[in-house]
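Here is a short briefing on one predicted model. It moves from overall shape to the ligand shell and then to selected residues.

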Amino acid sequence: MDFDFTPEQDMLRESVRKMMDKLATGEYVRQLDREQSYPYKLYDAWVEMGLLRMPFPENYDGLGGDAIDMVIIAEELSRKSFDFFTAYGGSVFCGLNVVRKGSEEQKRRWIPKLLSGEIKMSISMSEPNAGSDLSAMRTTARRDGNHWIINGQKLWATGAGATNNVINVYVKTDTQAHYRKGMSLFLVPNDLPGIKLRKLDMLGRRCVGTYEIFFDDVRVPAENLIGGENNGWDCVLSGLQIERLASAAGYCGGAQAAVDLAVQYAKDREQFGRPIGTFQSIAHMLADMQTETEAARTMIWRAAWMLAKGRDALREISMAKLLSSEAYVKAASLGMQVFGGYSYSMELDMQRHFRDSRSATIAAGTSQMQRNLIAGLMGLKPR
Ligand SMILES: Cc1cc2nc3c(=O)[nH]c(=O)nc-3n(C[C@H](O)[C@H](O)[C@H](O)COP(=O)(O)OP(=O)(O)OC[C@H]3O[C@@H](n4cnc5c(N)ncnc54)[C@H](O)[C@@H]3O)c2cc1C
């Protein structure tokens, strides 16, 4: 058993951390959260640094990185803000879907633009009545010559309103079939006529933005259909493991940031003539926070190692997502307690973790759905 990173992986972690320390200063993060504005400067720096290229194959100008590289990047970006990671993850995971499921022509058309920063990507599946249950999806596309015409409404699409964003939209193309056999994936630039975007006023993750999208007779060229008609579910499944794993690593980065802030505060803040971290009740809270974060990290690394070896890791990844998301929620919540009244101030960062973390057990498959999946893999079929 070897728990060490390679020198290249250590170097990757160090360089991403250094870049984030330099650009994503406390003031920058707080300002973007306050103004609810997209981290364009940071995104450009990731492009320049080649970070977007990391998981793409070398023949598409990628760096050929694996799942371990991805969890390192996800954790480091999220130590500043999980929200920032969603901008990176949206582009990278949608792009990887094109690599896996697109035609050669589609790959040559979309991937260079994505890696150069000319376009970004986001994913849009959820609808007002279709969250955990995608069979309730109502948005449709119908063929009209060399185009498809999309009508319907999507909800909770992270980053869909960013400049030059190409929304990866899943819609029904066969309304009679089961959704797994009647859904298709389209690449839809967010400025096509007939698209209306509304940035939602959310509790957290306020920079990259969460959008409601209305499609009113949106004409999408047929060559923007990825993976073939009615093969959308296949596209979803092909990227599910790495996407969930990277999200888990992002939550772990957020949890670690909350722990680090709380530990520092517990050392600095004095009451009754001594640092509050010397009170056993506070020290034990911090010990629990670090232990749970570390347990999640260990699980994430093992799952990443399995994926990098080409093994199926659905069970381990679902467990890692469950554990890590709940560790982030708990670390941020206990972190609020450690900070006392100061936790409530918008000038300090714990409240942002408290707000941002709350989505962790909901998005990318709720905790209940992860437990359903894990139980199913244990031979139990929840009704
Ligand atoms: C900040 C944020 C960003 C998001 N970004 C995106 C995005 O970029 N793209 C996108 O497509 N979607 C996105 N989502 C949507 C997200 O994927 C859904 O919110 C999630 O799948 C849950 O769906 P729902 O909100 O409709 O809840 P519901 O499915 O209605 O669930 C409500 C509650 O019921 C529980 N429940 C439902 N079914 C079961 C069951 N079978 N067994 C046990 N419990 C069950 C759930 O666990 C939950 O507690 C985002 C959501 C958030 C909050």
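With 383 residues, a compact globule would have a radius of gyration near 21 Å, and the protein has 21 Å, which agrees. That radius is taken over C-alpha atoms, and the globule rule is 2.2 Å times the number of residues to the power 0.38. This is a predicted model: local features need pLDDT of at least 70, side-chain atom pairs count only at pLDDT 80 or more, and totals for chains, interfaces and linings use all residues. Residues are numbered from 1 along each chain as its sequence is written.

**Overall build**
- The C-alpha trace spans about 75 × 45 × 45 Å along its principal axes.
- The protein has 12 helices and 10 strands. These are DSSP runs numbered from the N terminus (helices H or I, at least four residues; strands E, at least two).
- Of the 383 residues, 49% count as buried. Buried takes 20 or more other C-beta atoms within 10 Å of a residue's own, exposed 12 or fewer, and partly exposed lies in between, with C-beta atoms placed from the backbone.
- Among contacts with a separation of 6 or more, 71% join residues 24 or more positions apart. A contact needs C-beta atoms, placed from the backbone, within 7 Å.

**Ligand shell**
- The ligand has 18 residues around it, and G131, S132, T158, T366 and Q368 come nearest. Near means a C-beta atom, placed from the backbone, within 6 Å.
- β1 (120–124), β3 (147–158) and α12 (367–377) each give two or more residues to this shell.
- By class, the shell has seven nonpolar, 10 polar and one charged residues. Ala, Val, Leu, Ile, Met, Phe, Trp, Tyr, Cys and Pro count as nonpolar, Asp, Glu, Lys and Arg as charged, and the others, Gly among them, as polar.
- Domain 2 (122–230) and domain 3 (234–377) both contribute to the shell, so the ligand lies between them. The bounds come from an automatic or database domain assignment.

- L23 sits in helix α1 (residues 7–23). L23 is partly exposed, with 16 C-beta neighbours inside 10 Å.
- Beyond four places in sequence, L23 contacts Y28, K41, L42 and A45. The C-alpha atoms of L23 and K41 are 8.4 Å apart.

- Q36 has phi near 55°. Q36 lies in the loop between α2 (26–35) and α3 (40–49), and is partly exposed.
- A364 also has phi near 55°. A364 lies in the loop between α11 (350–357) and α12, and is buried, with 23 other C-beta atoms within 10 Å.

Note on methods:
Two residues are in contact if their C-beta atoms, placed from the backbone, lie within 7 Å.
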